[in-house]
Amino acid sequence: MSTVIHPENHPLLRHQFSPKPPPPPPPPPPHPSSLSLPKPKPHHRHLLLSSTTSLPRLTISKPPIFNDINSLLSLLQLSVQCSDADLAKAVHACSFKFQEDAHLGNSLALAYLKLGLFNHSLRVFASLSCPNVVTYSSLISSFAKSNQVNKAVELFMKMRNEGIEPNEFTFVAILSACIRDLELELGFQVHGLVMKMGFLDSVFVANALMGLYGKFTGGLEFVFKMFDEMHHRDVASWNTVISSLVNEGMYEKALELFRVMQEIGSFRADFFTISAVLSACEGSNALVKGKEVHAHAIRIGLEGNLSVKNALIGFYSKCGRAGYVVVLFENMPVRDVITWTEMITSYMEFGLVDLAVEVFDKMPEKNCISYNALMAGFCKNGEGLKAVKLFIEMVEEGLELTDFSLSSVINACALAMDAKTSEQIQGFCVKFGFRSNVCVEAALIDMCMRCGRVADAEKMFHMWAYEQDSSVVCTSMLCGYARNGQPDDAISFFLRCQQQGTMDMDEVSLTSILGACGTLGFEEMGEQIHSHALKTGFVSDLGVLNSIISMYAKCGNMNCAIKVFNSMPIRDAVSWNALIAGHILHKQGDEALAAWSEMEEAGTKPDIITLVLVILAYRHTQLDLVYDCRRLFLSMRSYYDIEPTSQHYASFVSVLGHWGLLEEAEEMIDKMTVEPKASVWHALLDSCRIHFNTTIGKRVAKRILAMKPQDPSTYILVSNLYSASGRWHCSEMVREDMREKRIRKNPARSWIIHQNKVHSFYARDKSHPQSKDIYGGLQILVRECLKAGYIPDTSFVLHEVEEHQKKDFLLYHSAKLATTYGLLMTKRGEPIRIVKNILLCGDCHSFLKFVSIVTRREILFRDASGFHCFRNGRCSCKNYW
C-alpha cells in the first residue's frame, strides 16, 4: 500500500504549516441514562449542527435519545463522513431497540464496509433477512479487492439463488473478481448474463469486460470487438484498451490509439492514460514520443499528479536519462513509497549502487517492496552477498517475505555461487514452508545449478509434482546443464522434454540450447532450433538472434553467422560482440577489426566485452598492428569512458606476446596500478610457451604459483613448461600442489558429431563400441603419415618415461582417435569437424597436417584457441595457437 509523505513531516515544507493545535480538554463525566453514546469528536460538532435532519442539539447536561430510524441513518452517514468507527458501533447498538429494518440493516453493513470493518459488516449481513442488491454488490466488491475471490463468487451465486437481480455495480464487482483470479470461464458466463439482462450498454460493465479479456493472451480480439461496438465510451474505456495493448507488448498500436483519442477531442486524458502511454513509450524505447507525452501532461495540468510523476521517473530510467530522473525526483513536493522505490530501481538500472542505498536509507517509510527493489538491484549489479545480507535484515526486522523476496535472495546466492550459503537459504525455505511455492521451488533448482550442486538440482527436479507446470523448472535445468559445462546433458535433456511436452520454448530456453549447440559444434541441431525460432516468431527477440550468430560462428559456419547478422533490423553491442568474437574464433583479425569500424560508424556504444575482443583481434591480423592496438588500449579511459580491467590487460599482453614483445608485456604488467590477476600472467606465460622463452616463463611461473590460483589450466601450463624444459622434479611439485589443493585437471576430450550423436574420445580411450576399428584405422593412418614425412614429437609427452613409451602415448591422443573415427564414418570428400576442450598439442597439430595430405580431406578442428583449418598440409593458424 502506498504511503504519501505528509508535507508537515517534510523538511523542505515544514515552514508552511502552523503548529498543531493543543489537545482538547478532558471530557466531562457521562450522564446516567438508558443509552450511553461516545462523546462526539471535535470534527463532528459542525456537522451535527448543520445536519439536515431534525436532530436535537447535544448538551452536556442531557444527552439525546434517538427514537427513530431516520436519526440513526443520519448518524451512520455522519460516521462514514468523519471515519468514526465508534459512532457506527454505537448506532449499531441502538438499532437493537427497534424491530429489524431492512434499510437500516443494509446501511449499517455498508457503513462498516466503508469504515474498513469488514468482519463487522459480514456479521450484520448474516443477520439480515432481506439484504438488498447494494449490500450484496458492496460485499462482493470488498471480497474481490481483498483477493477472496471464491467468497465473492459464492456470494454472487447466493444472490442469484435468492432471486435478487444484479445491477451494473454487481456485474462490475464480480468481473473484478474474475480479473483478479484470471477466471476466464466464469467471465464468459457473466458476459452472457450481462447480455441477457441488457447491461451491455452500461459503460462501466463494458469497461470491466474489456479489462477481463485484456488480461488473457489472445483476448485482444474480444477487447477490440467490444470497444468498436460500444455506443458510449468514457476515458476509462480508452484507458482499458491502451493498457491491454501495452500488456501484450503492442506498444506502437497503443501509441496510435492514444493519438486517435487525442484527435477525437471528446476525451481528456487522465493520470491513468498518461501512465499507460508512458509505459508504451518505455517498452518501445521511444524517447522522443515519451517527451511529447510529458509535454502533453504539462499542458493538461497533470504534471503534478503523483502517479504521472512516478511513471515519468520509470520512463526516463528505462531510456537511460539519469539527469531527467534526478530533476523530477528533486522537484517533487510530495513523494510516496512508489516514488522512493522507483528511484532505488532507477539508480540500480544506471549501476549507481551507492546512490540507490543512500535513497533507501533516507526513505521516511519502508516496506517489503522497498527492500525487494534494493535486493533485486543488488542482484542486477552482481552484488549477491549484499543482497543476502539485506534479506537477513528483512528477516530480523520481521518484514513480510513475498515470493519475490525469496526468489531475489535465491538469485543472490546463485550470483555469489556460494554452495554453503545456498544450502542455508534452501533450509530456510524448507523450514518455513516456502518450498511448496512453484516460483520459489523453480528458483531453488536454478540456484543449485548455478552453485554447481547439479545432483541436488536433479533430485529436486525429480520430486517436482507432475500436475504443476514444469516448463519453468525444465528451463532452469536446461540452462544449468549448459552453464555447468555439460552441453551433452543439456541437449539430451532438451530432446527428452520435447518428446514429453514438458517445456515451452521461450527466449531463455532457446538461448540456452543454442549455446549448448555452439559449445558442442552441433550445427545440425542448431539449424533446427533456428528454424523453430523462425516458425514461432522468436527471431524477433534480439537475444535469440545474438545466440544464433554465436552458434553458427562456433560451429565453423561464419557465412551463416554473417548472413543472420546482416538480416537483423536492430543490433545492440552484444550483436556486434558476437560477430567480432566469431571472426576472432576463426583467427580472422582483419575481418574483426573491419566489423569494429562498422560498429563505430553505426554509433553503437561499445561495452567492456567489445574492447576485450577488439584488442584481442590485433593478435590475428595479417600485419603487425601493435602500434594501433597500443593506442586503442591507452585511449580506453579517455575516449570510451571504460576503465581497463584485468581482461583488457590480459588481451593486450596476449597481443604483445604474440608479436614477440615479451619484455614490454612483462614491464607493462609490473607497472599496473592494481594487482594483476592470474589471468594476466597466464596470457604472458602462454606467449612464453609459443616463443619457447623459458627465461621469462620461469619468472612468470613463480609469480602465478605465488598467487595460489584456483584455475587448473594455469597449473597445467606451468607444469608443462617445466616438463618441456626437462625439469621433471619441478613439474611434479606443481602437480602435487594441485592434488593437495584438490584442484582437478579437466581431462582432454575430443568429440565429433555423427548422425546427430556426440561421439567423445579421451586419450587411450577404448570405451567406444567401434574402438577396435578405430585403433586399427589409426595404426594404418600413422603408417601412411610416417611415409609422407611425419615425425612424432615426443617433447609433448609430459611424463618422465622411456622414449618408446612416449611414442605410444602420442599415438592414442584423443584428437587422433576422433579424427580416425571421422575418416571412417564420413563420405570421401566431406570435411571432418572435430572439437577439443583444451589446446591441441603440437604433435597432433603436425599429425593432422599430414592427415590432410594423405587423405586429401579438409579437417576443421576447434580447440581452446579457436579454429584450425587443415588443408593440403597447411593450417590456417600458421602454427601460432
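Helix axes here are lines fitted to C-alpha atoms over the stretch in contact, and angles run from 0 to 180 degrees between N-to-C directions. Helices (H or I, at least four residues) and strands (E, at least two) are DSSP runs, numbered from the N terminus.

The model I am reading is predicted: local features need pLDDT of at least 70, side-chain atom pairs count only at pLDDT 80 or more, and totals for chains, interfaces and linings use all residues. Residues are numbered from 1 along each chain as its sequence is written, and side-chain values use heavy atoms, with hydrogens and water left out.

**Helix pair.** I looked up α26 (residues 471-483) and α28 (residues 507-520), whose axes come within 9 Å and cross at roughly 25°. That makes the two helices roughly parallel, a label for angles under 35 degrees. The crossing of α26 past α28 is left-handed, meaning that the near helix is turned anticlockwise from the far one by less than a right angle. On the α26 side I noted T475, L478, C479 and A482, which meet V508, S509, S512 and I513 of α28; contact means heavy atoms within 4.5 Å.

Next I took α35 (residues 626-634), where V626, C629, L632 and F633 are buried. Buried means under 20% relative accessible area, exposed over 50%, and partly exposed in between (1.4 Å probe, protein chains only). These buried residues line one face of α35, because they fall within an arc of 120° seen down its axis; the arc is that of the directions from the helix axis to the C-beta atoms. They pack against α33 (589-602), α34 (608-617), α36 (636-639), α37 (646-658) and α38 (662-670). Y627, R631 and L634 are exposed on the face turned away from the buried side.

**Cysteines.** I searched the whole structure for disulfides and found zero, a disulfide being a pair of cysteine sulfur atoms within 2.5 Å. C844 is in none, and its nearest cysteine sulfur, that of C841, is 3.6 Å away. C844 is buried at 1% relative accessibility.

**Positive phi.** Most residues other than glycine have a negative phi. I found M417 with a positive phi near 55°; M417 sits in the loop between α22 (403-416) and α23 (419-431) and is exposed at 55%. R764 also has a positive phi, about 55°, in the loop between β2 (757-762) and α43 (771-788). R764 is partly exposed, at 42%.

Technical notes
Parallel < 35°, antiparallel > 145°, perpendicular 65-115°, else oblique.
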